[in-house]
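Hi,

Here is the structure I promised to pass on.

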Amino acid sequence: MKKFDLIVLGAGSGGVRAARLAAQQGLKVLVVEKRHWGGTCVNLGCVPKKLLVYASDYARSIHKSRDYGFKLDDYKTSMLDWQELSTKVVNETHRLQGIYKKLLGDNKVEMLNGTAGLSSPNTVMVDNEEFGADKILIATGSRPRVPEIPGSGLGITSDDMFSLPQLPKSISIVGAGYIGLEFACIMAGFGVQVNLLNRSEAFLRGFDKEVSDFALEQIAKNSNITIYTNSVVKQVEKKENTLDISIQNGDKSEQLVSEQLLFAAGRIANSDNLGLEDLGIVGDNGNLQVDDYYQSKVPSIYALGDVVGRRALTPVAIAEAKKFIAKHIVGDDKVELLDYQAIPMAVFSRPEIVMLGMSEEQAKEEHKVKVYKAKFNPLSEALREDKSPFFIKLVCDATDNKILGIHLSGSGAAEMIHGFVPLYMQQASKDDLDMAVGVHPTIMEEIFTLS
Ligand code: NAP
């Protein structure tokens with residue numbers, strides 16, 4: 001049996017980073033990947049999604065440029081060559097797969113395509129071959145959850161959005177979290193009619209309510225998006241080229257017709273079929289249970305990233321991998337814990353919605369809170385008829401003005417938050433922001449003059 005110091009299951013963002021760093025420490029490392037090198041982020045998530053966001057923004061820019069005096073013929077969806085766009089997006093993911101493999105190869109990490117499972121706490125079966133390891137790191141990620149509804153097999157998930165044979169004329173989307181809102185705005189930008197179905201009144205659970213309400217108000221103004229709250233899908237049936245979607249909206253039953261049905265109803269950890277059932281480390285939603293440094297109660301087994309699910313985000317998996325290496329491979333006993341509260345979260349809807357730290361609701365549970373906010377039209381909107389406002393909200397501790405949360409919604413918000421992360425980590429206060437002078441005319445200069 002071939003033996004390794006470390007076997008990593010899953011070549012996504014977390015697994016690849018951990019494998020590479022371990023190999024750089026001189027360890028003999030094997031990575032096993034079932035599907036795509038680079039994992040969800042590169043192949044079926046962040047990267048191709050963001051490329052579609054850019055594409056959809058080009059469509060919006062064509063509209064917007066008219067308000068600046070450009071004389072354009074009527075923009076039509078047919079101007080978009082979907083085949084060309086989706087082929088280019090998929091080609092880019094293939095290029096990135098190659099880069100991931102090269103990074104591993106250059107660091108002398110062994111790679112194996114196949115389905116892996118543990119045969120004991122120190123052995124891994126890949127198809128029919130067994131490998132031994134001192135340590136096993138599970139970084140197998142997550143997959144979309146498809147609710148159990150009659151006919152749900154007729155729907156698709158975010159995995160399928162990048163290889164649609166054609167751009168649908170209409171799409172119904174189940175779930176109004178990150179993926180639901182992002183794809184609703186992408187598709188609406190392309191001129192697709194979108195039904196966005198949310199099972200409750202609450203959108204984007206965990207985000208600041210006032211900011212998500214602001215964003216939702218803007219999204220609802222989009223004439224291509226119809227929002228259905230308190231609505232659940234009861235049944236889906238195929239009718240020639242469309243789907244009949246029966247929904248229950250409170251006491252009312254309604255029938256929606258659309259070409260596609262996208263389930264964006266959360267994700268499930270990929271922890272099944274890994275031989276972990278009897279080890280007592282699988283928790284709710286299949287998430288693996290590990291300590292602050294990603295070690296399970298079975299000492300040779302570690303896990304990080306979406307399969308653990310502390311924050312199902314690529315930069316989190318990478319940061320966790322770095323902590324795992326520092327603690328368990330380098331052996332540094334002074335590794336600081338990852339500060340999950342200081343990790344910004346961004347939804348690439350239109351407008352973007354960004355959160356760093358606590359929402360007002362969370363902050364009020366622990367602090368006396370003072371809120372500073374501004375809603376305004378950026379200069380870029382001055383000449384536009386259909387203006388897209390921006391919202392800045394600071395949640396501070398009322399006693400010492402320490403910043404507890406920063407919330408932004410509007411164009412470019414996700415890029416803007418980064419500079420505030422170190423400030424937040426250093427427990428800066430609103431008074432620190434007040435001392436700063438911004439650049440004029442910009443959006444973020446407003447954050448230095450909030451009162
Ligand atoms: P999500 O953000 O957790 O949202 C899931 C949505 O589906 C919620 O509206 C939820 O409603 C609803 N839902 C759950 N179960 C349902 C059911 N059985 N029937 C109908 N609706 C249901 O999940 P997601 O959008 O699928 O994204 C998954 C994760 O991927 C995110 O949490 C995030 O960590 C990551 N992600 C990040 C980004 C980014 O960083 N920009 C982008 C995409 C994905 P309730 O609120 O009522 O539960």
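I'll start with the cysteines: Cys396 counts as buried, at 0% relative accessibility. Please keep in mind that this is a predicted model. Cys46 is partly exposed instead, with a relative accessible area of 34%. The cysteine sulfur closest to that of Cys46 belongs to Cys41, and at 3.1 Å it is too far for a bond, because a disulfide needs the two sulfur atoms within 2.5 Å. The disulfide count comes to zero.

- A polar backbone atom of Ile179 is 2.8 Å from a ligand oxygen.
- For Tyr178, a polar backbone atom is 3.2 Å from an oxygen of the ligand.
- For Ala264, the distance from a polar backbone atom to a ligand oxygen is 3.4 Å.

On its own the ligand has 910 Å² of accessible area, and the protein covers 77% of that.

Now some backbone geometry. Most residues other than glycine have a negative phi, and most peptide bonds are trans. Here are some exceptions to look at.

Tyr294 is not a glycine, yet has a positive phi of about 75 degrees. Tyr294 sits in the loop between β16 (267-269) and β17 (301-303), and counts as buried at 1% relative accessibility. Asn401 also has a positive phi, about 65 degrees, without being a glycine. Asn401 belongs to the loop between β21 (390-397) and β22 (403-410), and its 14% relative accessibility makes it count as buried.

There are cis peptide bonds too. One joins Arg350 and Pro351, with omega about 10 degrees; Pro351 is in the loop between β18 (345-347) and β19 (352-357). Another joins His440 and Pro441, with omega about -5 degrees, and Pro441 falls in the segment after α11 (430-435).

Last, a hairpin. Strands β12 (residues 231-239) and β13 (residues 242-249) run antiparallel and are joined by eight bridges. Val232 has Gln248 in β13 as its bridge partner. Two residues lie between the strands of this hairpin, where Glu240 takes a positive phi near 45 degrees.

Best wishes

Definitions and conventions:
Residues numbered from 1 in each chain as written. Predicted model: local features only at pLDDT ≥ 70, side-chain atom pairs only at ≥ 80, totals over all residues. Heavy atoms only, no water. Polar contact = N/O pair within 3.5 Å; in protein donor to acceptor, adjacent residues only side chain to side chain. Areas by Shrake-Rupley, 256 points an atom, 1.4 Å probe, with all protein chains shown as cover. Pairing = 2+ DSSP bridges. Helix = DSSP H or I, 4+ residues; strand = E, 2+ residues; numbered from the N terminus. Buried < 20%, exposed > 50% of the residue type's maximum accessible area, 1.4 Å probe, protein only.
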